[in-house]
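Colleague: I am new to this structure. Could you show me how to read it, feature by feature?

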Amino acid sequence: MVLEIAKPRPVWQIMFSTHHTDVGLLYLITSIAFLFLGGALALAMRAELFLPGSQIIQDSMTFHRFFTVHGTTLIFLFILPFAAAIGNYLVPIMVRYKDMAYPKLNAVAYWMIPVGAALIWLGFADFTWNAYPTYSILRAPGPAADMWIFGLKILGVSSILGAINFIVTILKCKHPDLPLSKVPLFAWSTLIASVMILVAVPTFAAALLMLLTDRLGVSGFFNPAMGGDPIAYQHLFWFTFHPEVYILVLPAIGMMYEIIPRFSRKPLFSSGSGIAAFILLGIVGFASWAHHMYATGMSFTEKTVFMIGTLAAVPGSAMHVFNFFATMWGGRIRFSTPMMWSVGGIALFFAAGSGGVLNTAMPLDFITHDSYWVVGHFHLFVFGTIAFGSIAFLYYIFPFVTGRMYNEKLGQLHFVLAFIGAVIVFFTQHILGLFGMPRRVFDYPPFPEWIAMNQIATVGAMIIGASMIIFLINMIHSSAKGKEANMDDPWGIGGKYYFPHRVKTPHH
Amino acid sequence: MSGHSSWPEWVYIGVVVAILVWVGADSWYIEKLIDHAPEDAEIIKVTGQQWFWSFEHADGTKEVGELHLKKGHPYKFEVQSKDVIHSFNIHDYTVMMDAVPGRINTVWFVPDEAGEFPIQCREYCGLIHYNMRGTLYVEES
C-alpha cells in the first residue's frame with residue numbers, strides 16, 4: 001500500500017522514490033491539482049462570458065492568457081499525467097513485473113512535469129494552445145510565449161521518456177507465461193498510446209524549435225516575409241495533436257475496460273475486438289490531422305482525403321462502445337461511483353463522436369469550424385469522455401491507494417451534478433456555434449440568442465464547479481478520515497483485482 | 001475472442017460503416033458542387049489586418065468595415081492578410097475562409113436575401129480579435 005494507514009512514511013520518501021506506485025502517486029496528485037487549477041480558469045472565463053461587456057476580467061489580453069493556459073494545463077498537466085499515473089500503478093502489475101523497466105527514468109520523466117508546468121504558469125502566454133504563426137512569431141508578447149515554448153518542449157520530452165518506459169515494460173518485461181493477447185486491455189491502451197507518442201510528438205518538438213528560432217528572427221520557416229509558410233506549422237502541429245486526441249482517449253477507454261466488466265459482474269464481451277479497435281485507432285489516428293485545416297484554403301482533393309481518413313477512425317471508436325454495452329448486457333450491474341462515471345463517459349463519448357462525424361463532412365465544417373460548436377465538441381471528448389473515465393478510475397483506485405473508502409453518496413452526487421453540468425455547457429455550446437459565435441472571444445455583441453445561450457452555458461459550468469468542490473472535499477476528507485476499506489473487495493462485487501497495495505517489491 | 005457469437009457486432013459495424021459512407025459521399029457531392037465559383041462572379045478583394053476588414057470591389061471602390069453587395073449576384077472573395085492569420089466569416093451565408101499572410105484564398109457566395117449581416121473574424125488574431133467585426137449590407141438590385 002502506498003499511503004499506509006499503519007506505517008505512514010514521510011513525504012520526502014515518496015518524493016525521492018523510484019518505485020512505480022510512488023511515482024504513480026506523484027503523477028496522480030500533480031494531475032488532480034492541475035485539474036483544479038485549469039478548471040478554475042474555465043470558470044473565470046465562463047463568468048466573464050455571462051454577459052456582453054467586461055465582467056470580472058478587465059482586459060482581453062488576460063482573457064486570452066486564461067484560455068491558453070487552461071487548454072495547455074488540462075491537456076499536458078492533467079490528462080497525460082493522469083494516464084501515466086494509472087499506468088505506473090497498474091501496468092507493472094498487469095504484466096507481472098516487479099517495477100517499471102527503467103525506474104530512474106520513470107522518476108526523471110515525472111520530475112520534468114513540475115518544471116514544464118512552472119514555465120507555462122509563470123509565463124502565462126496568450127497565443128492559444130495552438131500557437132499558430134504568424135501571430136505567435138511576430139506579435140505574441142514575450143517572455144510568456146518563449147516560456148510556453150520551453151515548457152512544452154520539456155513536457156514533450158517527459159512524455160517521450162514515459163512512453164519508452166511503458167513500451168519496454170509491456171513488451172520486454174512482461175512475464176514469459178503471459179502472452180501479449182492476454183495482457184489486460186488497460187495495459188494495451190497504454191502500449192498503443194505510448195507507441196503513438198513516439199511517432200507523433202517528435203514532429204511537434206521540431207515545430208517548437210522552428211517557432212523559437214522564428215521568434216528570435218534568425219529563421220523564417222513560418223514567416224511569409226522570409227519565404228516561409230504559416231500553414232506548414234499547422235500541418236506539423238496537427239500531425240502531432242490529432243493523434244494526441246487518441247493518445248489521450250485510449251488510456252481513458254482502457255480504464256473503462258477495467259471498470260465496466262467488474263461492476264457488471266460479467267467477463268468482457270470481446271477482448272480481441274477491444275485490442276483490434278485500439279490498434280485500428282492507433283494507425284488510422286494518423287490519417288486525419290488536416291481536418292482541422294479545411295478553412296486554410298485546402299484543395300478539394302486534400303479535403304476529401306482527410307475526410308475519408310477521419311471517417312475511417314469512427315468504426316474503431318464504435319467497436320469500443322459496442323464492447324462496453326455488450327459487456328453490460330445481461331450483467332448484474334452495480335452502479336457504484338466508478339461505474340456511473342464510466343457509463344456517463346460512454347454516453348458523452350457517443351455524443352462527441354457523432355458530432356465529430358458532422359465536423360469532418362466538408363461543407364458542414366465551414367459552419368462549425370472555429371465556432372463554439374468546436375469548443376463544445378472537443379470538450380465532450382476531453383471532459384465528457386477522458387476526464388469522466390479518469391475520475392471513474394480515481395474513485396476506483398482510491399481504496400487501494402489510501403486504504404480508505406471514499407464517501408459513496410458524495411461520489412454519486414459528484415457524478416450527477418457533473419453529468420448534468422456537462423450536458424448543459426457543452427450541448428449548448430454546440431448550438432451557440434451554429435448561431436455563429438466564434439471561439440476565443442473576450443466579448444460578444446448583444447445578440448439575444450448569444451446572451452441566452454452563454455448564460456445557460458455559464459450556469460452549467462458553475463454546476464460542474466460545484467460538483468468539483470464536492471469531489472475535493474470527498475477526496476481530502478475520505479483519505480484522512482474515511483472508513484477503512486475492505487481491501488480484498490472494496491465494493492463487495494467479487495472477482496480478482498489488480499492490487500497495487502499487494503506489490504511485494506520493497507520501496508526503493 | 002471468447003466463445004459467444006459475434007454476428008451482432010458485425011451487423012453493428014456494418015450499420016456504422018454504411019452511415020459513414022453515406023455522410024462521406026453526400027458531403028463529397030455537395031463540396032464538389034460548390035468548389036468552383038460561377039464564371040460571372042464579381043471579384044472582391046478582402047484584406048484582414050489587426051483588427052479590421054477592408055474590401056476592394058472590381059471597379060476599384062474601397063470600403064472599410066462595411067461591404068455593400070447586390071442581392072442575387074454571385075461574388076467571389078479573394079481573402080488575404082497583411083499581418084497574422086485571420087478568418088473571414090459571414091456566418092449567415094456560411095462564408096468562411098482563413099486570411100493567411102502570403103496566400104490568397106478564395107470563397108464565393110450569392111446573397112439571396114436583402115438586409116444587414118455581421119462579418120467577423122473566426123481565427124484568434126490578438127488583442128481585439130473579439131471585436132474585429134464588420135457589416136455586410138445586401139441591397140435589392
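Modeller: Gladly. Keep in mind that this is a predicted model. We can start with a turn. In the hairpin of β2(B) and β3(B), five residues lie between the strands, and B:G60 takes a positive phi near 95 degrees.

Colleague: How many bridges join β2(B) to β3(B), and which residue stands opposite B:S54?

Modeller: Three bridges join these two strands, which run antiparallel. B:S54 stands opposite B:V64 in β3(B).

Colleague: What holds such strands together in general?

Modeller: Strands of a sheet pair through backbone hydrogen bonds, either parallel or antiparallel. Here β2(B) also pairs with strand β1 (residues 42-49) of chain B, antiparallel, over five bridges. B:G48 stands opposite B:W53 in that pair. The hairpin of β1(B) and β2(B) has two residues between its strands.

Colleague: In which sense do β5(B) and β8(B) pair?

Modeller: Antiparallel, over five bridges; β5 covers residues 75-81 of chain B. B:F77 stands opposite B:V107 in β8(B).

Colleague: Which strands form the open sheet that contains β7(B)?

Modeller: That sheet has five strands in the order β4-β10-β9-β6-β7 in chain B, again with mixed pairing. β4 (66-70) and β7 of chain B are the edge strands. Each has a single partner strand, so one side of each lacks a neighbour in the sheet. The twist averages 20 degrees from one strand to the next.

Colleague: How is β9(B) joined to β10(B)?

Modeller: By five bridges, and the two strands run antiparallel; β10 covers residues 134-139 of chain B. B:G115 stands opposite B:V138 in β10(B).

Colleague: Back to β7(B). How many of its residues are buried?

Modeller: Five of its five residues are buried. Both faces are covered. B:V95, B:M97 and B:A99 lie on one side, with B:M96 and B:D98 on the other. Strand β6 (residues 86-90) of chain B joins β7(B) through five bridges, running antiparallel. B:N89 stands opposite B:M96. The two strands form a hairpin with four residues between them, and B:T94 in the turn has a positive phi of about 55 degrees.

Colleague: Which elements of chain B give two or more residues to the side that touches chain A?

Modeller: First, the totals. The contact takes 44 residues from chain B and 47 residues from chain A. On the chain B side, those elements are α1 (7-34), β7 (95-99) and β9 (115-121). α1(B) gives the most, with 14 residues. The chain B side divides into 22 nonpolar, 13 polar and nine charged residues.

Colleague: How is chain B divided into domains?

Modeller: Into domain 1 (1-35) and domain 2 (42-139). Their centres, taken over C-alpha atoms, are separated by 37 Å.

Colleague: What should I know before reading a nonpolar core?

Modeller: In soluble globular proteins, nonpolar side chains tend to be buried together. In this model, the largest nonpolar core has 191 residues. Those with the most contacts inside it are A:I79, A:M256 and A:A392. Helix α14 (residues 372-402) of chain A gives the most to this core, with 21 residues. Leaving out residues up to four places away in sequence, A:M256 touches A:F324, A:S342, A:G345, A:I346, A:G389 and A:A392.

Colleague: Why does A:I275 count as partly exposed?

Modeller: Because A:I275 has 18 C-beta neighbours inside 10 Å, and a buried residue needs 20 or more. A:I275 lies in helix α9 of chain A. Beyond residues up to four places away in sequence, A:I275 touches A:L185 and A:W188.

Colleague: And A:S270: buried or exposed?

Modeller: A:S270 is buried, with 20 other C-beta atoms within 10 Å. A:S270 lies in the loop between α8 (230-264) and α9 (271-284) of chain A. The C-alpha atoms of A:S270 and A:T327 are separated by 8.2 Å, though the two residues are 57 residues apart along the chain.

Notes: Residues are numbered from 1 along each chain as its sequence is written. Chains are lettered from A and ligands numbered from 1 in the order in which they are written. This is a predicted model: local features need pLDDT of at least 70, side-chain atom pairs count only at pLDDT 80 or more; totals for chains, interfaces and linings use all residues. Two residues are in contact if their C-beta atoms, placed from the backbone, lie within 7 Å. Ala, Val, Leu, Ile, Met, Phe, Trp, Tyr, Cys and Pro count as nonpolar, Asp, Glu, Lys and Arg as charged, and the others, Gly among them, as polar. Domain bounds come from an automatic or database domain assignment. A residue is buried if 20 or more other C-beta atoms lie within 10 Å of its own, exposed if 12 or fewer, and partly exposed in between; C-beta atoms are placed from the backbone. Two strands pair if DSSP finds at least two bridges between them. A nonpolar core is a set of buried Ala, Val, Leu, Ile, Met, Phe, Trp, Tyr and Cys residues joined through C-beta atoms within 7 Å. Axes are lines fitted to C-alpha atoms, for helices over the stretch in contact, and angles run from 0 to 180 degrees between N-to-C directions.
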